[in-house]
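Trainee: Could we go through this model together? I'd like to start with the strands and then move on to the side chains.

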Amino acid sequence: MRPEELGPYRWIQGEAKKVMEEVVSFIRPGMREKDVAEKARALFLERGVASFWYHGIAARVLAGPRSLLSGSGRDYQPAEIPIGEEDFLTVDLTPEKEGVWGDYARSIFVREGRASLTADPAQEEAHAGAALEVFLHQRLRETARPGMTVDALCADMNGVIAARGFRNLDFKGNLGHSIERDLKGRRFLERGNALPLGELGLFTFEPHLCREGGAKGLKHEDMYYFSGDRLLAV
(Lines give C-alpha, C1' and ligand atoms only; values in the text may rest on other atoms or scores of the structure.)
Protein backbone atom coordinates (compact mmCIF):
# COMPACT_ATOMS: atom_id res chain seq x y z
CA MET A 1 0.00 0.00 0.00
CA ARG A 2 1.31 3.45 -0.92
CA PRO A 3 2.09 5.77 2.03
CA GLU A 4 -0.43 8.36 0.83
CA GLU A 5 -3.21 5.76 1.07
CA LEU A 6 -2.54 5.00 4.74
CA GLY A 7 -3.80 8.30 6.15
CA PRO A 8 -7.50 7.39 6.47
CA TYR A 9 -6.61 4.02 8.01
CA ARG A 10 -4.27 5.60 10.53
CA TRP A 11 -7.05 8.03 11.45
CA ILE A 12 -9.77 5.46 11.98
CA GLN A 13 -7.44 3.09 13.85
CA GLY A 14 -6.47 6.03 16.03
CA GLU A 15 -10.14 6.69 16.79
CA ALA A 16 -10.63 3.01 17.66
CA LYS A 17 -7.70 3.13 20.08
CA LYS A 18 -9.12 6.22 21.78
CA VAL A 19 -12.53 4.59 22.09
CA MET A 20 -10.95 1.48 23.60
CA GLU A 21 -9.16 3.56 26.23
CA GLU A 22 -12.40 5.32 27.16
CA VAL A 23 -14.29 2.02 27.27
CA VAL A 24 -11.75 0.63 29.74
CA SER A 25 -12.16 3.66 32.02
CA PHE A 26 -15.97 3.26 31.76
CA ILE A 27 -16.21 -0.41 32.76
CA ARG A 28 -17.38 -1.17 36.29
CA PRO A 29 -18.60 -4.37 37.97
CA GLY A 30 -22.34 -4.85 37.53
CA MET A 31 -22.38 -3.55 33.97
CA ARG A 32 -23.47 -5.87 31.17
CA GLU A 33 -21.96 -6.59 27.77
CA LYS A 34 -24.76 -4.49 26.32
CA ASP A 35 -23.76 -1.47 28.42
CA VAL A 36 -20.16 -1.68 27.22
CA ALA A 37 -21.17 -2.15 23.58
CA GLU A 38 -23.59 0.79 23.69
CA LYS A 39 -20.95 3.02 25.28
CA ALA A 40 -18.48 2.17 22.50
CA ARG A 41 -21.06 3.00 19.83
CA ALA A 42 -21.88 6.30 21.51
CA LEU A 43 -18.19 7.23 21.69
CA PHE A 44 -17.75 6.55 17.98
CA LEU A 45 -20.81 8.63 17.15
CA GLU A 46 -19.33 11.54 19.16
CA ARG A 47 -16.28 11.29 16.90
CA GLY A 48 -18.29 11.35 13.70
CA VAL A 49 -18.02 7.62 13.03
CA ALA A 50 -21.52 6.31 12.38
CA SER A 51 -20.92 3.15 10.33
CA PHE A 52 -19.63 -0.25 11.40
CA TRP A 53 -18.48 -2.70 8.75
CA TYR A 54 -18.90 -5.97 10.68
CA HIS A 55 -22.65 -6.64 10.47
CA GLY A 56 -23.32 -3.15 11.85
CA ILE A 57 -21.67 -3.99 15.19
CA ALA A 58 -19.63 -1.19 16.75
CA ALA A 59 -18.20 -3.39 19.50
CA ARG A 60 -18.42 -7.14 19.94
CA VAL A 61 -18.12 -7.56 23.71
CA LEU A 62 -17.73 -10.98 25.34
CA ALA A 63 -17.35 -11.21 29.11
CA GLY A 64 -16.39 -14.00 31.48
CA PRO A 65 -16.77 -17.51 30.05
CA ARG A 66 -18.29 -16.00 26.90
CA SER A 67 -14.83 -14.71 26.00
CA LEU A 68 -14.19 -18.27 24.80
CA LEU A 69 -16.91 -17.98 22.14
CA SER A 70 -16.18 -17.61 18.46
CA GLY A 71 -18.75 -17.28 15.71
CA SER A 72 -20.18 -15.05 13.04
CA GLY A 73 -21.21 -11.54 14.02
CA ARG A 74 -24.54 -12.19 12.32
CA ASP A 75 -25.48 -14.20 15.40
CA TYR A 76 -24.03 -11.95 18.09
CA GLN A 77 -26.25 -10.74 20.91
CA PRO A 78 -24.76 -9.13 24.05
CA ALA A 79 -25.42 -10.98 27.30
CA GLU A 80 -27.27 -9.66 30.33
CA ILE A 81 -24.90 -11.29 32.85
CA PRO A 82 -23.22 -8.60 35.00
CA ILE A 83 -19.47 -8.11 34.95
CA GLY A 84 -17.90 -9.29 38.21
CA GLU A 85 -15.34 -7.77 40.58
CA GLU A 86 -12.77 -10.23 39.18
CA ASP A 87 -13.56 -10.74 35.50
CA PHE A 88 -12.29 -10.43 31.95
CA LEU A 89 -13.66 -9.33 28.59
CA THR A 90 -12.71 -9.20 24.95
CA VAL A 91 -13.79 -6.10 23.02
CA ASP A 92 -13.52 -6.00 19.22
CA LEU A 93 -14.15 -2.61 17.56
CA THR A 94 -15.06 -2.42 13.86
CA PRO A 95 -15.66 1.22 12.83
CA GLU A 96 -15.96 2.39 9.23
CA LYS A 97 -15.94 5.82 7.62
CA GLU A 98 -16.33 6.46 3.89
CA GLY A 99 -15.51 2.85 3.14
CA VAL A 100 -12.36 2.79 5.28
CA TRP A 101 -12.31 0.09 7.94
CA GLY A 102 -10.82 0.15 11.39
CA ASP A 103 -10.33 -3.10 13.28
CA TYR A 104 -8.96 -3.16 16.80
CA ALA A 105 -9.46 -5.69 19.60
CA ARG A 106 -8.11 -6.06 23.11
CA SER A 107 -8.59 -8.12 26.23
CA ILE A 108 -9.73 -6.17 29.28
CA PHE A 109 -9.02 -7.45 32.78
CA VAL A 110 -11.10 -6.56 35.83
CA ARG A 111 -9.44 -6.96 39.22
CA GLU A 112 -10.67 -5.60 42.53
CA GLY A 113 -13.41 -3.79 40.63
CA ARG A 114 -11.10 -1.88 38.26
CA ALA A 115 -10.66 -2.51 34.54
CA SER A 116 -7.28 -2.48 32.82
CA LEU A 117 -5.67 -3.46 29.53
CA THR A 118 -2.89 -5.08 31.58
CA ALA A 119 -3.35 -8.44 33.30
CA ASP A 120 -2.20 -8.56 36.91
CA PRO A 121 0.41 -11.31 37.54
CA ALA A 122 -1.96 -12.64 40.21
CA GLN A 123 -4.38 -13.49 37.38
CA GLU A 124 -2.00 -16.21 36.24
CA GLU A 125 -3.99 -17.68 33.35
CA ALA A 126 -4.88 -14.27 31.93
CA HIS A 127 -1.35 -12.96 32.47
CA ALA A 128 0.19 -15.92 30.61
CA GLY A 129 -2.27 -15.53 27.74
CA ALA A 130 -1.66 -11.79 27.46
CA ALA A 131 2.10 -12.38 27.38
CA LEU A 132 1.66 -14.94 24.60
CA GLU A 133 -0.41 -12.48 22.57
CA VAL A 134 2.37 -9.88 22.81
CA PHE A 135 4.97 -12.50 21.85
CA LEU A 136 2.98 -13.59 18.79
CA HIS A 137 2.67 -10.04 17.50
CA GLN A 138 6.39 -9.50 18.03
CA ARG A 139 7.15 -12.75 16.20
CA LEU A 140 4.89 -11.67 13.36
CA ARG A 141 6.78 -8.39 12.91
CA GLU A 142 10.14 -10.17 13.05
CA THR A 143 9.41 -13.10 10.73
CA ALA A 144 6.73 -12.04 8.23
CA ARG A 145 7.98 -11.14 4.76
CA PRO A 146 6.01 -10.19 1.62
CA GLY A 147 6.85 -13.47 -0.13
CA MET A 148 5.92 -15.67 2.85
CA THR A 149 2.67 -17.53 2.27
CA VAL A 150 -0.31 -17.18 4.55
CA ASP A 151 -0.20 -20.94 5.09
CA ALA A 152 3.43 -20.83 6.26
CA LEU A 153 2.69 -18.00 8.67
CA CYS A 154 -0.30 -19.82 10.14
CA ALA A 155 1.63 -23.07 10.51
CA ASP A 156 4.32 -21.24 12.44
CA MET A 157 1.94 -19.28 14.69
CA ASN A 158 -0.34 -22.21 15.45
CA GLY A 159 2.74 -24.27 16.28
CA VAL A 160 3.88 -21.66 18.80
CA ILE A 161 0.39 -21.44 20.30
CA ALA A 162 0.19 -25.21 20.78
CA ALA A 163 3.75 -25.45 22.14
CA ARG A 164 2.86 -22.91 24.83
CA GLY A 165 -0.14 -24.98 25.93
CA PHE A 166 -2.77 -22.77 24.31
CA ARG A 167 -5.22 -23.23 21.44
CA ASN A 168 -6.66 -21.09 18.66
CA LEU A 169 -10.33 -20.45 19.46
CA ASP A 170 -11.39 -19.06 16.10
CA PHE A 171 -14.29 -21.12 14.78
CA LYS A 172 -12.60 -21.38 11.38
CA GLY A 173 -9.04 -21.51 12.66
CA ASN A 174 -8.26 -18.02 11.35
CA LEU A 175 -5.64 -15.66 12.76
CA GLY A 176 -6.76 -12.52 10.93
CA HIS A 177 -7.95 -11.21 7.57
CA SER A 178 -7.33 -8.67 4.86
CA ILE A 179 -8.84 -5.20 5.11
CA GLU A 180 -11.28 -4.63 2.26
CA ARG A 181 -14.26 -2.47 1.38
CA ASP A 182 -16.62 -5.43 1.04
CA LEU A 183 -17.22 -7.87 3.91
CA LYS A 184 -17.36 -10.80 1.48
CA GLY A 185 -14.04 -9.86 -0.09
CA ARG A 186 -11.93 -10.64 2.97
CA ARG A 187 -9.05 -13.08 2.58
CA PHE A 188 -8.24 -14.93 5.76
CA LEU A 189 -5.05 -15.88 7.55
CA GLU A 190 -5.73 -19.61 7.52
CA ARG A 191 -4.02 -22.89 6.75
CA GLY A 192 -4.11 -23.85 3.09
CA ASN A 193 -4.03 -20.26 1.82
CA ALA A 194 -1.03 -20.12 -0.55
CA LEU A 195 -1.32 -16.36 -1.16
CA PRO A 196 1.88 -14.38 -0.36
CA LEU A 197 1.39 -12.02 2.57
CA GLY A 198 2.50 -9.09 0.43
CA GLU A 199 -0.56 -9.50 -1.76
CA LEU A 200 -2.96 -8.94 1.14
CA GLY A 201 -2.29 -5.20 1.36
CA LEU A 202 -3.55 -4.19 4.79
CA PHE A 203 -4.37 -7.10 7.07
CA THR A 204 -5.16 -7.80 10.71
CA PHE A 205 -3.52 -10.26 13.06
CA GLU A 206 -5.86 -11.22 15.90
CA PRO A 207 -5.12 -14.52 17.65
CA HIS A 208 -8.11 -15.55 19.78
CA LEU A 209 -6.58 -17.84 22.38
CA CYS A 210 -7.15 -19.76 25.55
CA ARG A 211 -5.03 -22.08 27.62
CA GLU A 212 -5.92 -25.73 27.09
CA GLY A 213 -8.80 -26.39 29.48
CA GLY A 214 -8.84 -22.73 30.52
CA ALA A 215 -11.75 -20.43 31.27
CA LYS A 216 -10.49 -17.21 29.66
CA GLY A 217 -10.44 -16.28 25.99
CA LEU A 218 -8.00 -13.55 25.01
CA LYS A 219 -7.72 -11.41 21.91
CA HIS A 220 -5.20 -8.80 20.76
CA GLU A 221 -5.66 -7.31 17.30
CA ASP A 222 -3.64 -4.83 15.28
CA MET A 223 -3.58 -3.88 11.60
CA TYR A 224 -0.40 -4.32 9.54
CA TYR A 225 1.14 -3.47 6.18
CA PHE A 226 4.50 -3.94 4.46
CA SER A 227 6.91 -1.11 3.80
CA GLY A 228 9.47 -2.82 1.60
CA ASP A 229 10.31 -6.00 3.50
CA ARG A 230 9.35 -4.56 6.89
CA LEU A 231 6.00 -5.28 8.48
CA LEU A 232 4.61 -2.25 10.31
CA ALA A 233 1.52 -1.61 12.40
CA VAL A 234 -0.94 1.01 11.22
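Trainee: Which residue stands opposite Asn 168 in β10?

Mentor: Asn 168 stands opposite Leu 209. Before going further, please keep in mind that this is a predicted model, in which local features need pLDDT of at least 70 and side-chain atom pairs count only at pLDDT 80 or more, while totals for chains, interfaces and linings use all residues. Residues are numbered from 1 along each chain as its sequence is written, and side-chain values use heavy atoms, with hydrogens and water left out.

Trainee: Okay, and how many bridges join β8 to β10?

Mentor: Three bridges join strand β8 (residues 166-168) to strand β10 (residues 208-211), and the two run antiparallel. Strands here are DSSP runs of E with at least two residues, helices are runs of H or I with at least four, and both are numbered from the N terminus; two strands pair if DSSP finds at least two bridges between them.

Trainee: What about β10 and β11, how do they run?

Mentor: β10 and strand β11 (residues 218-219) are also antiparallel, joined by two bridges, and His 208 stands opposite Lys 219 in β11. The hairpin they form has six residues between the strands, and Gly 213 takes a positive phi near 75° there.

Trainee: Switching topic: is Arg 106 buried or exposed?

Mentor: Arg 106, which is found in strand β6 (residues 104-111), is buried, because its relative accessible area is 12% and buried means under 20% (exposed is over 50%, partly exposed in between, with a 1.4 Å probe and protein chains only).

Trainee: And which side chain does Arg 106 make a polar contact with?

Mentor: The side chain of Asp 222, at 3.1 Å; a polar contact is a pair of N or O atoms within 3.5 Å, where within protein one must be able to donate a hydrogen and the other to accept it, and residues adjacent in sequence count only if both atoms are side-chain atoms. Not counting residues up to four places away in sequence, Arg 106 also touches others, including Met 20, Leu 89, Leu 117 and Lys 219, where contact means heavy atoms within 4.5 Å.

Trainee: How many aromatic pairs are there?

Mentor: Five, counting rings of Phe, Tyr and Trp (its six-membered ring) whose centres lie within 6.5 Å, with planes under 30 degrees apart called stacked, over 60 edge-to-face and the rest tilted. One of them is the stacked pair of Trp 53 and Trp 101, at 4.0 Å centre to centre and 5° between the planes. Trp 53 lies in the loop between β1 (51-52) and β2 (59-63) and Trp 101 in strand β5 (residues 100-101), so the pair ties together parts that are 48 residues apart in sequence.

Trainee: Which residues make up the aromatic cluster with Trp 53?

Mentor: Trp 53, Tyr 54 and Trp 101 form that cluster, and both Trp 53 and Trp 101 are buried.

Trainee: Last one: how many residues does the largest nonpolar core have?

Mentor: The largest has 41 residues, and those with the most contacts inside it are Ile 27, Leu 93 and Ile 108; a nonpolar core is a set of buried Ala, Val, Leu, Ile, Met, Phe, Trp, Tyr and Cys residues joined through side-chain atoms within 4.5 Å. Its largest share, seven residues, comes from α1.
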